[in-house]
Amino acid sequence: MNTYKITIIALLAAMAIAGRFIFQFIPNVQPVTSLIIICGIILGPFSAFLLAILTAFLSNMLMGMGIWTVWQIISWSIIGLLSGILGRLFKRIPLAAIILYAIFSGYLYGFILSLTNYQFTGMFWPYYLAGLPFDTSHAIGNAVFIVLLYPLISHLFHKYADQRFTIKNTS
C-alpha cells in the first residue's frame with residue numbers, strides 16, 4: 001500500500017462520511033455503498049475493505065454508535081470485497097452492469113443488516129420484509145450515485161494512474 005492509495009482511501013472516506021451526513025434526512029439514501037463499490041472496482045478489494053471500516057466507524061462517531069456498526073462494517077466489507085473481485089476479474093465493466101450490481105448491493109446490505117435483529121430477537125423475516133421499502137430506496141440511491149460519481153471518479157483515477165506511469169517511465 002503506497003501513499004497515493006492511502007490518500008485516495010482517506011479522500012473517499014471523507015466523501016462518504018460527508019455524503020452520509022448530508023443525506024441523513026433521506027432514509028437509506030447515501031453515497032457510501034456506491035463509493036465503496038467504486039473503490040473496490042478501481043483500487044481493489046483490500047482498499048474497499050479499508051474504506052468500509054473507516055466509513056462505518058467514523059461516520060457512526062458522528063451519527064451514533066451501536067451494535068449495528070459491526071453489521072454495517074460486515075455488509076459494506078462484503079460489498080467492497082465483491083466489487084474488488086469484479087474489478088480484478090473484468091478489466092472493463094459496462095456502467096449498466098455496475099448499476100445493476102449497485103442495486104443488488106442495496107438489497108444485500110439490508111439483508112445483512114437485518115441479521116442484527118435476529119441476533120437479539122431470534123426473528124428475521126418480519127424485520128427483513130418490513131425493511132424492504134428502505135432497501136429499495138437504498139438500491140435506487142446507489143444507482144443514482146453510481147451514475148453521478150463513477151464516470152467522474154474513474155476518469156480522475158485513471159488519468160492520475162496514466163500520468164504516474166508516464167512519469168515513472170520517462171525518468
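**Exercise 1. Determine which residues Thr69 is in contact with, leaving aside its neighbours within four places in sequence.**

Step 1. Contact is taken as heavy atoms within 4.5 Å. With neighbours within four places in sequence left aside, Thr69 is in contact with Ala56 and Asn60.

Step 2. Two conventions apply throughout. The model is predicted, so local features need pLDDT of at least 70 and side-chain atom pairs count only at pLDDT 80 or more, while totals for chains, interfaces and linings use all residues. Residues are numbered from 1 along each chain as its sequence is written, and side-chain values use heavy atoms, with hydrogens and water left out.

Step 3. Thr69 is placed in helix H4; helices (H or I, at least four residues) and strands (E, at least two) are DSSP runs numbered from the N terminus.

Step 4. Thr69 is buried because its relative accessible area is 5%, where buried means under 20%, exposed over 50%, and partly exposed in between (1.4 Å probe, protein chains only).

**Exercise 2. Describe the overall fold and dimensions of the protein chain.**

Step 1. The protein chain contains 7 helices and 0 strands, and along the sequence its pattern reads α-α-α-α-α-α-α.

Step 2. The radius of gyration is taken over C-alpha atoms, and the globule rule is 2.2 Å times the number of residues to the power 0.38. For 171 residues, a compact globule would have a radius of gyration near 16 Å, so the 16 Å of the protein chain agrees with the rule.

Step 3. Along the principal axes, the C-alpha atoms fill a box of roughly 60 × 30 × 25 Å.

Step 4. Of the 171 residues, 43% count as buried. Among contacts with a separation of 6 or more, 76% are between residues 24 or more positions apart.

Step 5. The accessible surface, from the Shrake-Rupley method with a 1.4 Å probe, comes to about 9300 Å², and 75% of this surface belongs to carbon and sulfur atoms.

**Exercise 3. Identify which helix gives the largest share of the nonpolar patch.**

Step 1. Helix H4 (residues 67–89) supplies the largest share, 8 residues.

**Exercise 4. Is Arg20 buried or exposed, and what is the nearest side chain of opposite charge?**

Step 1. Arg20 is placed in helix H1 (residues 3–22).

Step 2. Lys and Arg count as positive and Asp and Glu as negative, with His and the chain ends not counted. A salt bridge is a side-chain nitrogen of Lys or Arg within 4 Å of a carboxyl oxygen of Asp or Glu.

Step 3. Arg20 is buried yet has no salt bridge, and the nearest side chain of opposite charge, Asp135, is 12 Å away.

Step 4. Beyond neighbours within four places in sequence, the contacts of Arg20 include Gln30, Ala56, Asn60, Gln72 and Trp76.

**Exercise 5. Characterise Tyr107 and Ile98 in helix H5.**

Step 1. Tyr107 is placed in helix H5 (residues 95–121), and Ile98 is also found in helix H5.

Step 2. Tyr107 counts as partly exposed because its relative accessibility is 29%, whereas Ile98 counts as buried at 2%.

Step 3. Leaving aside neighbours within four places in sequence, Tyr107 is in contact with Leu132, Asp135, Thr136 and Ala139. On the same criterion, Ile98 is in contact with Ile37, Ile41, Ile93, Ile146 and Tyr150.
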